[in-house]
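Colleague: I am new to this structure, and I would like to learn how to read its features one at a time. Could you take me through them slowly?

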Amino acid sequence: MLSPERLALPDYEYLAQRHVLTYVEDAVCQLLENKEDISQYGIARFFTEYFNSVCQGTHILFREFSFIQATPHNRASFLRAFWRCFRTVGKNGDLLTMREYHCLLQLLCPDFPLELTQKAARIVLMDDAMDCLMSFSDFLFAFQVQFYYSEFLESVAAIYQDLLSGKNPNTVIVPTSSSGQHRQRPSAGEAGTLEGVEASLFYQCLENLCDRHKYSCPPPALVKEVLSNVQRLTFYGFLVALSKHHGINQALGALPDRGDLMHDPAMDEELERLLAQIPGLVTSVTAGPEASCLPPRTPPRVGSPWRPLHHARKVDAESDGSTEETDESET
């Protein structure tokens, strides 16, 4: 049975809204690139498996960033994959730096841009140094907002800066640089004097912006709810409110609620099934947190419990030069 949304839209508009052409073009490109291998089991089977992976959200694994951000479904699938793959970071209570979270993102998307990770970390850290540690849940929900709504937030940053400078809020704002969210952020001293912008005026501008960003903006009603709770706010205060808003997370539908973030019964069941196939291991994933087939964890340390080897030189070159903890962990 067709959904009411499908019945209300012409075919071409529905296909465009669902970005079907994007997936057809990608499938054909993959077919041409791997035609010798695909010819062994048939083109029909290839297309079946491709679109099954799109429905399951696994089609974005290890793909280039341009494809991962190409559609809202791809973005939501990437968020869900990141959570499912690395939720043990939060389950174990580990705190990681921005660069370590970036290395995790690069395990799923090798060319994932550092700038996007930095923007997500800034939502969590605010005025703290960028090398401070963050919990998995704090980073994940900030990253969700920054990644999924990236174009919308660039325009919001431009509008915010115009309101600070006293320009007409009804002027159409088109950001000319992807770095506006960083470049024009007021310093700590300026923030104390500016105290942000008037929330009601800010919402009037964002309401018009939401009409133009049909596929990449939070529901206007939820934006209004966020802004109705304060009289004035800063740009990063707005981003923090979005990242912590229960309704925004539900509207996106990619991640569970914060209370359920560390629970994934389907993944636990699959892990238990795979471990059960290893001789000599007695698995009990579902028996309780104390029962585990894995070796006992060492006492938690202050810093990161791992170091990505294939990015070691790059991280060392851009760090502050302190490698004492890493060196100790490798001995």
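Predicted model: local features only at pLDDT ≥ 70, side-chain atom pairs only at ≥ 80, totals over all residues.

Colleague: What share of the residues count as buried?

Modeller: A residue is buried under 20% relative accessible area, exposed over 50% and partly exposed in between, with a 1.4 Å probe and protein chains only. Of the 331 residues here, 39% count as buried. Contact means heavy atoms within 4.5 Å, and among the contacts with a separation of 6 or more, 66% are between residues 24 or more positions apart.

Colleague: How far apart are the end C-alpha atoms of helix α11?

Modeller: The expected span of a helix is 1.5 Å times one less than its number of residues. For the 15 residues of α11 (residues 150–164) that should give 21 Å, and the end C-alpha atoms are 21 Å apart, which agrees. This helix is mostly covered, with 13 of its 15 residues buried, and Gly166, which follows α11, has a positive phi, near 85°.

Colleague: Which residues of helix α8 are buried?

Modeller: Nine of the eleven residues of α8 (residues 98–108) are buried, so this helix is largely enclosed by the rest of the structure. They are Met98, Glu100, Tyr101, His102, Cys103, Leu104, Leu105, Gln106 and Leu108.

Colleague: How many aromatic pairs does a search of the whole structure find?

Modeller: Rings of Phe, Tyr and Trp (its six-membered ring) pair if their centres lie within 6.5 Å; planes under 30 degrees apart count as stacked, over 60 as edge-to-face and the rest as tilted. The search finds 22 such pairs. In one of them, Phe65 and Phe147 have ring centres 6.5 Å apart and planes at 50°, so the pair is tilted. Phe65 lies in helix α6 (residues 65–68) and Phe147 in helix α10 (residues 136–148), so the pair ties together parts that are 82 residues apart in sequence. Phe147 also pairs with Phe78, with centres 5.6 Å apart and planes at 55°, so this pair is tilted. Since Phe78 lies in helix α7 (residues 72–91), the parts tied together with α10 are 69 residues apart in sequence. Phe78 is buried at 0% relative accessibility, and Phe147 is buried with a relative accessible area of 1%.

Colleague: Which residues have the most contacts inside the largest nonpolar core?

Modeller: A nonpolar core is a set of buried Ala, Val, Leu, Ile, Met, Phe, Trp, Tyr and Cys residues joined through side-chain atoms within 4.5 Å. The largest has 75 residues, and those with the most contacts inside it are Phe78, Phe82, Phe202 and Phe238. Its largest share, nine residues, comes from α10. Leaving aside residues up to four places away in sequence, Phe82 touches Tyr101, Leu104, Leu105, Leu108, Phe136, Phe139 and Leu140.

How values were computed:
Residues numbered from 1 in each chain as written. Heavy atoms only, no water. Helix = DSSP H or I, 4+ residues; strand = E, 2+ residues; numbered from the N terminus.
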